[in-house]
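Some notes on strand pairing follow. Please read them with the structure open.

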Amino acid sequence: MAIALLAALNCCACNAKVKQYKIQVVKEYPHDTSSYTQGLFFYDGRLYESTGQYGESTFRLVDMESGKALKRLDFNSKYFIEGSVVMGDKLYILTWESKLAFIYDAATLEYKSTVAYPREGWGITTDGKHLIASDGTARLYFMDAGYKVERTIDVKMDGRPIKYLNELEYIDGKIWANVYLTDMIVIINPNTGIVEGTVDCTGLLPRHLRDSRTDVLNGIAYNPANGKTYLTGKYWKRLYEVKLLEKK
């Protein structure tokens, strides 16, 4: 009976209607247009950002009012930096193709160690117990503090895999993920991998703030201190505080 009940619950979850949201801009802030945004998160009420591209990769403590870096780590040009997050007292930073990941002291940004990482690094977030990372596929990896995989989930919407999961953020018990090359964010159940909601960010950055270098939406940061959510993109001129409105 227990097995039958579990199967029924899974079936209901698979068939549950995906909620669709649009966004409303609450406030906007300047964003450094040299930032090819890869990771974006709050730690102790302060905004941090990792940026990519060979020869341009950095990690920054960002002043929201000006968009400027208050502290900055510059990486060797051989590294293309990807997602970043703090768990416990450590800062974790991924690289894209180098098969390496870094660990720093979260308070001082002092380098601690380099760890072998057996897949492409894309986005990373945390539920407070695990590091949760993407690799450009439909799979998310739940890892311990040493980047060792403890479990995985395959992300699906309406029974179909959602690939190109990129920058991640853990918000109110769900995983939010940018879908690379799109204006869509998906909201994922971390236990089942099922997409429970989509966020349409079309038009977030208006045309008059775009130029030839402006790239895609990428960057989700949730500040637990005030419950506010922020979005930006690669080389964008703005960081936006947003709230969700359910589509009808």
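1. Four strands make an open sheet in the order β6-β7-β8-β9, with antiparallel pairing. The edges are β6 (81-87) and β9 (111-116), each of which pairs on one side only. From one strand to the next, the twist averages 20°. Axes here are lines fitted to C-alpha atoms, for helices over the stretch in contact, and angles run from 0 to 180 degrees between N-to-C directions.

2. On terms and source: strands (E, at least two residues) and helices (H or I, at least four) are DSSP runs numbered from the N terminus, and two strands pair if DSSP finds at least two bridges between them. The model is predicted, so local features need pLDDT of at least 70 and side-chain atom pairs count only at pLDDT 80 or more, while totals for chains, interfaces and linings use all residues. Residues are numbered from 1 along each chain as its sequence is written, and side-chain values use heavy atoms, with hydrogens and water left out.

3. Within this sheet, β8 (residues 100-105) runs antiparallel to β9, joined by five bridges. Ala101 has Val115 in β9 as its bridge partner.

4. Now β1 (residues 19-30). It pairs with β22 (residues 238-246) in the antiparallel sense, over nine bridges. Glu28 faces Tyr240 in β22. Tyr29 is opposite Leu239.

5. β1 also runs parallel to β19 (residues 195-200), with four bridges. There, Gln20 has Thr198 as its bridge partner.

6. β21 (residues 228-233) pairs with β22 through three bridges, antiparallel. Tyr230 stands opposite Glu241.
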